[in-house]
Amino acid sequence: TSCYQAEQFCILKPWNSVFSKLSSIIMEEKMEIPSVWSSIINLVFPTFLSDLSYNEATGVKTIDNFNFQRVEEAVIGVFDRICRYKKMVLVFEDIHWIDHRSLSLLKSVMLSKNKNLILIGTCRNEFTKELDDFICSLVKYDLLEKIVLNRFNKTEVTEILHSALPH
């Protein structure tokens, strides 16, 4: 998924495509997901398993800080369930534009230390304190390998152009 500057204040927007894909995997593989998880996640991501009908009451009507912890728990449960059968790679491009809630959810998912889940994230050298804290947390638990790729300078760009586009 990609994070866009114009959407940096759109709460959880980068996760929409992730949950769409998770729904597809669950349906294709006919995986059993507790209905309470699906119901809670469906409050935040209405398209998540929307083809299934769940009648179980979750006790959650709106999402506030307390209930968001229940969402995080349900999301971690879904990832754990899927990763029992499949290895997964989450790709977040331009993570420096990610919103606060999305980063919090991503941090919770990654700190669950699922051995079959890998995160690949790209970001600029300049980023927020919140993103720096996220990176430090993952490094602390040996869940992140940071690879710094510097921008090409003008000379390097010229060399690449000359080798790729000969006269």
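Helices (H or I, at least four residues) and strands (E, at least two) are DSSP runs, numbered here from the N terminus. The model is a predicted one, in which local features need pLDDT of at least 70 and side-chain atom pairs count only at pLDDT 80 or more, while totals for chains, interfaces and linings use all residues. Residues are numbered from 1 along each chain as its sequence is written, and side-chain values use heavy atoms, with hydrogens and water left out.

The protein chain holds six helices and two strands, and from the N terminus on these elements follow the order α-α-α-β-α-β-α-α. Of its 167 residues, 35% count as buried, where buried means under 20% relative accessible area, exposed means over 50%, and partly exposed covers what lies in between (1.4 Å probe, protein chains only). Contact means heavy atoms within 4.5 Å, and among the contacts in the protein chain with a separation of 6 or more, 73% are accounted for by residues 24 or more positions apart.

Val78 is found in helix α3 (residues 65-83), and with a relative accessible area of 0% it is buried. When its neighbours within four places in sequence are left aside, Val78 is in contact with Leu22, Ile26, Ile33, Trp37, Ile41 and Phe48. The C-alpha atoms of Val78 and Ser38 are separated by 8.5 Å, although the two residues are 40 residues apart along the chain. Ile40, which is found in helix α2, also counts as buried, at 4% relative accessibility; from C-alpha to C-alpha, Ile40 and Val75 are 9.0 Å apart in space and 35 residues apart in sequence.

Two residues in this part of the chain deserve a look at their backbone. Most residues other than glycine have a negative phi.

Strand β1 pairs with strand β2 (residues 117-121) in the parallel sense over five bridges, pairing being assigned if DSSP finds at least two bridges between two strands. In this pairing, Phe92 has Gly121 of β2 as its bridge partner.

Beyond β1, His96 is found in the loop between β1 and α4 and is buried, with a relative accessible area of 11%. Not counting residues up to four places away in sequence, His96 touches Thr122, Cys123, Arg124, Glu126, Phe127 and Leu131. The side chain of His96 reaches the backbone nitrogen of Arg124 at 3.1 Å. Asp132, which lies in helix α5, is partly exposed, with a relative accessible area of 31%, and the C-alpha atoms of Asp132 and His96, 36 residues apart along the chain, are separated by 9.7 Å.

Helix α4 takes in residues 100-111, and Ser108 has its place there. A polar contact of 3.3 Å joins the side chains of Ser108 and Glu72; such a contact is a pair of N or O atoms within 3.5 Å, of which, within protein, one must be able to donate a hydrogen and the other to accept it, and residues adjacent in sequence count only if both atoms are side-chain atoms. Leaving aside neighbours within four places in sequence, Ser108 is in contact with Glu72 and Ile76.

The axes of α4 and helix α5 (residues 129-140) come within 11 Å and cross at roughly 5 degrees, the axes being lines fitted to C-alpha atoms, for helices over the stretch in contact, with angles that run from 0 to 180 degrees between N-to-C directions. Helices α4 and α5 are therefore roughly parallel to each other, since angles under 35 degrees count as roughly parallel, over 145 as roughly antiparallel, 65 to 115 as roughly perpendicular and the rest as oblique. The contact is made by His100, Leu103, Leu106, Lys107, Met110 and Leu111 of α4 together with Glu130, Leu131, Phe134, Ser137 and Leu138 of α5.
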